[in-house]
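Here is a short report on one protein model. Look over the sequence and the structure first, then read on.

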Amino acid sequence: MVIVQEAPPRFGRPGPPMRRSPLIIGFTAGLGLLLAYSAYLAVQNIHSILILIFIAMFLAIGLNPAVVRLSKWGLPRALSVAVVGVGALLLLCGGVVALIPPLVQQSNDLVDNLPTYIDNLRRNNQLNDLNEQYQLLDQLKNVATPGNVTKALGGVWGGVQVAFSALFNILTVIILTVYFMAAFDRLKEGGYRLVPASRRERVRLLGDEILTKVGAYLGGALAIAVVAGLASFVFLLIVGIAYPYALAVLVAITDLIPQIGATLGAVVVSIVGFATSIPAGIACVVFFVIYQQVENYAIYPTVMRRAVKVSDLAAILSVLVGVALMGVVGALVAIPVVAAVQLLFREVVIPRQDSR
């Protein structure tokens, strides 16, 4: 009988476990709290970058069905990603070109004409009486000069900082989105491999269904926004309101926000309509009231209910919670998140509770 002696471990044999004294337990707990607090501070410091990463991941999930469709038509994966990325970039550039010049021009006009608007307030008898007693309008006119307004808004340097920050965020999201789309399948499979093998197949099925719902939601939201923008553009051309293309792009962008976005866009366009003329403003109100009914009861159900089955109450509550947590970004991702949670409850939580 041959006795095989095991070789000692390379770094020596482990010693006996340490005694669980109160000192060691307290030190370990304190170290854990310190690490948790350090992680919290780290997240606080990089929360803006995490939001950009989250937006890029959401866009990549939403654009992936288009990449898959182009791949099925015979295009290589890299070329499909390039085509989808360039198309999305062209849409973004078109929106920026439509919105920025009118916004800058009208802002400059408002700043330049602000003293004139203050003089027009003198026509109100009550305000004129207050001005004679306290010289409110005179003081406001002296303060509301273009130079003072520019300083109050942060000056030229403040505007440059805001512009560069926005440009940096947009470029970061674009680059990350392209990377996520290019490595989508690899990232997805890598995430599934972190799950135990006994549950991997079920997690893969649920995960693919959630990703499908998110992609379908974003595609449907973009389609509804495009329809709203085109309808608004045609209407604004017919009525003769200035900057119809820019206002139509604004309506399409706000329409991406669930529940409240269409109303926000309608309010802005109606205000511009009333600034043009009273009949134009009334026509805008009537148009958007009618169009929102058509969108809510015909377009939205047709496009969305097959893709994301979420009740109206759940949609409203999710949007409110999303706005409170993450602002506009939270409102955009609220409905697909609720759809994913509902799927997990229906397929995982409820069957587990029924089996007990």
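In which segment is Arg-356 found? Arg-356 is found in the segment after helix 14, which spans 328-355. This is a predicted model, and the description below rests on that prediction.

**Overall make-up**

The protein has 14 helices and zero strands. Read along the sequence, the pattern is therefore α-α-α-α-α-α-α-α-α-α-α-α-α-α. Of the 356 residues, 28% are buried.

**Confidence**

The average pLDDT is 76. A score of at least 70 is reached by 72% of the residues. Confidence is lowest in helix 6 (residues 146-152), with a mean of 53. Helix 8 (residues 184-193) has the highest, at 87.

**The positive patch**

Which residues gather in a patch of positive charge on the surface? They are Arg-199, Arg-202, Arg-352 and Arg-356. Is Arg-356 buried or exposed? Arg-356 counts as exposed because its relative accessibility is 74%, and the cut-off for exposed is over 50%.

**The nonpolar patch**

A nonpolar patch also lies on the surface. Its members are Phe-274, Ile-278, Ile-282, Val-285, Val-286, Val-289, Ile-290 and Val-294. Together they have about 680 Å² of accessible area. Which helix gives the largest share of this patch? Helix 12 (residues 278-304) does, with seven residues. Val-285 is one of the patch members, and Val-285 lies in helix 12. Partly exposed covers the range between under 20% (buried) and over 50% (exposed).

**Pairs apart in sequence**

Two pairs of residues are listed here with their separations.

| Pair | Apart in sequence | C-alpha to C-alpha |
|---|---|---|
| Leu-89 and Ile-174 | 85 residues | 8.0 Å |
| Val-239 and Gly-281 | 42 residues | 9.7 Å |

Where is the place of Leu-89? Leu-89 sits in helix 3 (residues 77-120). Its relative accessible area is 36%, so Leu-89 is partly exposed. In space, Leu-89 and Ile-174 are 8.0 Å apart, C-alpha to C-alpha.

Val-239 belongs to helix 9 (residues 197-239). With a relative accessible area of 29%, Val-239 is partly exposed. Val-239 and Gly-281 are 42 residues apart in sequence, and their C-alpha atoms are 9.7 Å apart in space.

How values were computed: Residues numbered from 1 in each chain as written. Predicted model: local features only at pLDDT ≥ 70, side-chain atom pairs only at ≥ 80, totals over all residues. Heavy atoms only, no water. Patch = residues over 30% accessible without salt bridge, like charges linked within 9 Å, V, L, I, M, F, W, Y side chains within 5 Å. Areas by Shrake-Rupley, 256 points an atom, 1.4 Å probe, with all protein chains shown as cover. Salt bridge = Lys/Arg side-chain N within 4 Å of Asp/Glu carboxyl O. Lys, Arg positive; Asp, Glu negative; His and termini not counted. Charge placed at Lys NZ, Arg CZ, Asp CG, Glu CD. Helix = DSSP H or I, 4+ residues; strand = E, 2+ residues; numbered from the N terminus. Buried < 20%, exposed > 50% of the residue type's maximum accessible area, 1.4 Å probe, protein only. pLDDT = per-residue confidence, 0-100.
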